[in-house]
Amino acid sequence: MNSIRWTSIPCKAGMTATHFHTFHIYIIRNAVTGDHWKEIATALDTSNRLLRATWDGDTETVAKLLDAAHMENTSILTYNDENSLSCVIAIAYYSAMKDYKKIREMPTGKGFADIVFLPKRFSDKPAMVVELKCDASADGALAQIREKKYADSLKDYKGNLLLVGINYDKKTKKHDCVIEQTEK
């Protein structure tokens with residue numbers, strides 16, 4: 001029977017909390033690369049690619065990776081449900097948890113932002129406000145973020161901010177995405 005053996009590794013001098021956390025992720029990823037854990041290792045790598053593509057504003061890659069995540073993680077009975085889409089997005093961005101606090105349906109005063117990723121204290125990553133639409137447009141999702149001033153609800157946050165609009169087309173089962181970088 002295979003088992004994972006956990007060992008505490010002290011933080012080396014000069015290693016920041018971010019590096020130490022990344023070091024642990026590296027150890028865990030190496031521990032799960034065996035045949036029994038291949039799907040988990042692949043999901044983590046895909047999630048990391050999705051997050052990097054979002055930070056880079058690579059909307060085509062984001063849409064392609066969301067297409068795959070939606071197909072792999074949703075029941076055929078609820079595939080076209082907006083709540084399922086929200087859950088898929090949360091799963092697809094799983095690797096963001098090392099740098100972010102995720103808030104689903106964040107109250108903003110003028111509605112609810114579908115998903116907000118607030119950087120943790122040690123993170124230098126941009127905050128992300130994600131709005132989801134079904135059978136509408138990614139541009140419309142982005143417009144809603146602006147019109148309802150979702151970013152204003154991030155009162156204590158100062159820094160880079162990504163506004164992410166995602167649309168899912170039920171007929172084609174494809175996602176499209178727009179990303180706008182701004183400052184708060």
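Which residues does valine 62 touch, not counting residues up to four places away in sequence? The legends below take up this question along with other close-ups of a predicted model.

**Figure 1. Overview of the predicted fold.** The model is predicted. Its secondary structure comes to five helices and five strands. Along the sequence, these elements follow the pattern α-α-α-α-β-β-β-α-β-β. The protein has 184 residues, of which 39% count as buried. Among contacts with a separation of 6 or more, 52% come from residues 24 or more positions apart.

**Figure 2. Valine 62 and the largest nonpolar core.** Valine 62 touches Leu50, Ala53, Thr54, Tyr93, Cys177 and Ile179, with residues up to four places away in sequence left out of the list. Val62 belongs to the largest nonpolar core, which has 26 residues. Val62, Ile89, Tyr93, Phe117 and Ile166 have the most contacts inside this core. At least two core residues come from each of helix H2 (38-56), H3, helix H4 (82-92), strand E2 (112-119), E3, E4 and E5. A second, separate core holds 16 residues, including Ala113, Val116, Ala127 and Tyr150.

**Figure 3. The five-stranded sheet.** The sheet is open, and its strands stand in the order E1-E2-E3-E4-E5. Pairing is mixed. Strand E1 (100-107) and E5 stand at the edges. Each has a single partner strand, so one side of each is left without a neighbour in the sheet. On average, neighbouring strands are turned by 20° against each other, direction ignored. Strands of a sheet pair through backbone hydrogen bonds, either parallel or antiparallel.

**Figure 4. Strand E4 between its two partners.** E3 and E4 run parallel and are joined by eight bridges. Within this pairing, methionine 128 has leucine 162 of E4 as its bridge partner. E4 and E5 run antiparallel, joined by ten bridges. Here leucine 163 has glutamate 180 of E5 as its bridge partner. How is E4 placed relative to the rest of the structure? Eight of its ten residues are buried, so E4 is largely enclosed by the rest of the structure.

**Figure 5. Helix H5 and its buried face.** Helix H5 spans residues 138-147, and its buried residues are Ala138, Ala141, Leu142, Gln144 and Ile145. Why do these residues line one face of the helix? Seen down the axis of H5, they fall within an arc of 155°, so they line one face. An α-helix has 3.6 residues a turn, so residues three or four places apart point the same way. Asp139 and Glu147 are exposed on the other side of H5. After H5 comes lysine 149, with a positive phi near 50°.

Figure 6. H5 lies across E3, E4 and E5. Its direction is at about 140° to that of E4. The cover over the buried residues of H5 includes strand E3 (127-134), strand E4 (160-169) and strand E5 (174-183).

Figure 7. Glutamate 180 forms a salt bridge with arginine 146, with the closest N and O atoms 2.9 Å apart. Glutamate 180 lies in strand E5 and arginine 146 in helix H5, so the pair ties together parts that are 34 residues apart in sequence. Glutamate 180 is partly exposed, at 25% relative accessible area. Arginine 146 is also partly exposed, at 42%.

Figure 8. How many salt bridges does a search of the whole structure find? The search finds three. One of them joins lysine 174 to aspartate 67, the closest N and O atoms being 3.9 Å apart. This pair links distant parts of the chain: lysine 174 sits in strand E5 and aspartate 67 in helix H3 (residues 59-73), 107 residues apart. Lysine 174 is partly exposed, with a relative accessible area of 47%. Aspartate 67 counts as buried, at 15%. Another salt bridge is formed by the side chains of aspartate 124 and lysine 125, at 3.6 Å from N to O. Aspartate 124 is exposed, at 65% relative accessible area, whereas lysine 125 is partly exposed, at 25%. Side chains of opposite charge can pair when their charged atoms come close.

Note on methods. Residues numbered from 1 in each chain as written. Predicted model: local features only at pLDDT ≥ 70, side-chain atom pairs only at ≥ 80, totals over all residues. Heavy atoms only, no water. Buried < 20%, exposed > 50% of the residue type's maximum accessible area, 1.4 Å probe, protein only. Helix = DSSP H or I, 4+ residues; strand = E, 2+ residues; numbered from the N terminus. Arc of directions from axis to C-beta. Contact = heavy atoms within 4.5 Å. Pairing = 2+ DSSP bridges. Axes fitted to C-alpha atoms, helices over the stretch in contact; angles between N-to-C directions. Salt bridge = Lys/Arg side-chain N within 4 Å of Asp/Glu carboxyl O. Core = buried A, V, L, I, M, F, W, Y, C linked by side-chain atoms within 4.5 Å.
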